Amino acid sequence: MIYYKKLKPIQAITFDLDDTLYENTSVIVNAEHSLYEFMHNQFPATKHVSKDFWRVQQKTHILANPLLKNDMGELRRLSLESGFMVIGLSGKELITATTMCFEHFYFQRSNFTLPNNIHSLLKTLSDSLPLIAITNGNVDLQQIGLKRYFEACFQASTELPMKPHKAMFDAAQAHLNIPHENILHVGDNLPKDIYGALRAGYQTAWYAEDRSMNIRNEKASILPHVQLSKLSQLLELI
């Protein structure tokens, strides 16, 4: 553990999820691969379009409504819908295809389990102080077995823009009714998690599950309050 700034008493902890509590890139890659297989089997017309076709749908929707970049779920749903329309689906068939593929992806997106040490850590922490999840993603906390440890989960949306915007941090602080400076945010991304939390007046702990933690290799010039070498060091802080 490396201390960069003096910590004040910690009365609550907010957690980023993706790449902080678990490695997320392979989860998304596997979910998208599963989605394409599902589409090809259920809707054979999709075999004749490439992955780039679906990426173009996303880009088109973001150009039409830039706020959609903050809501990955709605962006994917709209992209599926417009893509199926281009392929030639309409009416009930369009609704069915969009719904089936949307639900398939989001089941697969959360179709993984976490090791026992993560459960044990979150259980111990949640017995001592409130925990809140703050994520730019949309993993299903219930499906991955973590919902029981968190008082609330704030997910990025058009109403609550993605980190580093302050919106989700402010919403979490209002929910907790604890001074910003007594909340510790734990996250892997320096520009989004650490910078965003610092802007909101939080204390910060940097931890990345998906890569080696050499701060000189990070694309940011800010420092957290503390750098963890393992998540269990949070127990030393409280």
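In which helix is Gln173 found? Gln173 is found in helix H6, which spans residues 167-176; helices (H or I, at least four residues) and strands (E, at least two) are DSSP runs, numbered from the N terminus. The structure shown is a predicted model, in which local features need pLDDT of at least 70 and side-chain atom pairs count only at pLDDT 80 or more, while totals for chains, interfaces and linings use all residues. Residues are numbered from 1 along each chain as its sequence is written, and side-chain values use heavy atoms, with hydrogens and water left out.

View A. Gln173 counts as buried because its relative accessibility is 16%; buried means under 20% relative accessible area, exposed over 50%, and partly exposed in between (1.4 Å probe, protein chains only). Leaving aside residues up to four places away in sequence, Gln173 touches Ile178, Pro179, His180, Ile183 and Tyr202, where contact means heavy atoms within 4.5 Å.

**View B. The aromatic pair of Tyr22 and Phe112.** Rings of Phe, Tyr and Trp (its six-membered ring) pair if their centres lie within 6.5 Å; planes under 30 degrees apart count as stacked, over 60 as edge-to-face and the rest as tilted. By this rule, the count is 8 aromatic pairs. One of them is the tilted pair of Tyr22 and Phe112, with 4.8 Å centre to centre and 50° between the planes. This pair links distant parts of the chain, 90 residues apart: Tyr22 is in the loop between strand S2 (12-15) and helix H1 (25-42), and Phe112 is in the loop between helix H4 (91-109) and helix H5 (116-128). Tyr22 is buried, since its relative accessibility is 5%. Phe112 is also buried, at a relative accessible area of 15%.

**View C. The aromatic pair of Phe102 and Tyr106.** The rings of Phe102 and Tyr106 form a tilted pair, 4.9 Å centre to centre, with 50° between the planes. Because they are 4 residues apart in helix H4, Phe102 and Tyr106 are separated by about one helical turn. Phe102 is partly exposed, with a relative accessible area of 24%, whereas Tyr106 counts as buried at 14% relative accessibility.

**View D. An aromatic cluster, and a charge over a ring.** Phe43, Phe53, Trp54 and Phe84 form one aromatic cluster. Arg76 lies over the face of Phe105, at 3.7 Å from the ring centre; a charge sits over a ring if NZ of Lys or CZ of Arg is within 6 Å of the ring centre and within 35 degrees of the ring normal.

View E. A search of the whole structure finds 0 disulfides, a disulfide being a pair of cysteine sulfur atoms within 2.5 Å. Cys101 counts as buried, at 0% relative accessibility, and Cys153 is partly exposed, with a relative accessible area of 30%.

View F. The peptide bond from Lys163 to Pro164 is cis, with omega near 15°. Pro164 is found in the loop between strand S4 (152-155) and H6. Asp19, a residue other than glycine, has a positive phi near 70°; Asp19 is placed in the loop between S2 and H1 and counts as buried at 13% relative accessibility. Asn177 is not a glycine either, yet has a positive phi of about 60°. Asn177 lies in the loop between H6 and strand S5 (183-187) and counts as exposed, since its relative accessibility is 68%.
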